[in-house]
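Good morning, and thank you for coming.

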Amino acid sequence: MRGVSENLFAPEYSITVKEVEKVLLELMGYGIHAEFQGGYPAGYIALAESSGLASGVKAANEVATRKDIAKLIYNALDIYLIEV
């Protein structure tokens, strides 16, 4: 993960649903697949929707709530991990 600059992570900033989706997809090994589908954000959003990761979560551009993040993590439990 990268922060907002070389020396600033900014943990007090809000995170969007699409950013959480990107982090989860990268952690599960799907980053390369999302890059082939157009990269960030379009490829990650498309893969999150087609894999079921985004099921039951609000629009990708909205700020993620704890509920959204919990739902995304819960949905991720049903998606196969890719070992790299």
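Pro 41 is found in the loop that runs between helix H2, residues 31-36, and helix H3. Please note that what you see here is a predicted model. In this model, the peptide bond joining Tyr 40 to Pro 41 is cis, with an omega of about 5 degrees. For background, most peptide bonds are trans.

Let me turn to charged pairs. Side chains of opposite charge can pair when their charged atoms come close. How many salt bridges does a search of the whole structure find? The search finds one. The partners are Asp 68 and Lys 58, and their closest N and O atoms lie 3.4 Å apart. Asp 68 belongs to helix H4, residues 66-76, while Lys 58 sits in the loop between H3, residues 42-51, and H4, so the pair ties together parts that are ten residues apart in sequence.

Are these two partners buried or exposed? Asp 68 has a relative accessibility of 8%, and because the cut-off for buried is under 20%, Asp 68 counts as buried. Lys 58, at 31% relative accessibility, counts as partly exposed.

Helix H4 also brings us to the packing of helices. The axes of H1 and H4 come within 11 Å of each other and cross at roughly 30 degrees. That makes H1 roughly parallel to H4, since angles under 35 degrees are counted in this way. The crossing in which H1 passes H4 is right-handed.

I now move to the segment before H1. Val 4 lies in this segment, ahead of helix H1 at residues 17-27. Together with Leu 8 and Tyr 13, Val 4 forms a nonpolar patch on the surface, and the three residues have about 300 Å² of accessible area together.

Ser 5 is in the segment before H1 as well, and at 37% relative accessibility Ser 5 counts as partly exposed. From Ser 5 to Tyr 44 there are 39 residues in sequence, and their C-alpha atoms are 22 Å apart in space.

Thr 16 is another residue of the segment before H1. What is its relative accessible area? The value for Thr 16 is 15%, and Thr 16 is therefore buried.

Terms used. Residues are numbered from 1 along each chain as its sequence is written. This is a predicted model: local features need pLDDT of at least 70, side-chain atom pairs count only at pLDDT 80 or more; totals for chains, interfaces and linings use all residues. Side-chain values use heavy atoms; hydrogens and water are left out. A salt bridge is a side-chain nitrogen of Lys or Arg within 4 Å of a carboxyl oxygen of Asp or Glu. Helices (H or I, at least four residues) and strands (E, at least two) are DSSP runs, numbered from the N terminus. Buried means under 20% relative accessible area, exposed over 50%, partly exposed in between (1.4 Å probe, protein chains only). Patches are made of residues with over 30% relative accessible area and no salt bridge: like charges are joined within 9 Å, nonpolar side chains (Val, Leu, Ile, Met, Phe, Trp, Tyr) within 5 Å. Accessible areas come from the Shrake-Rupley method with a 1.4 Å probe; for residues, only the protein chains shown count as cover. Axes are lines fitted to C-alpha atoms, for helices over the stretch in contact, and angles run from 0 to 180 degrees between N-to-C directions. Angles under 35 degrees count as roughly parallel, over 145 as roughly antiparallel, 65 to 115 as roughly perpendicular and the rest as oblique. A crossing is left-handed if the near helix is turned anticlockwise from the far one by less than a right angle, and right-handed if clockwise.
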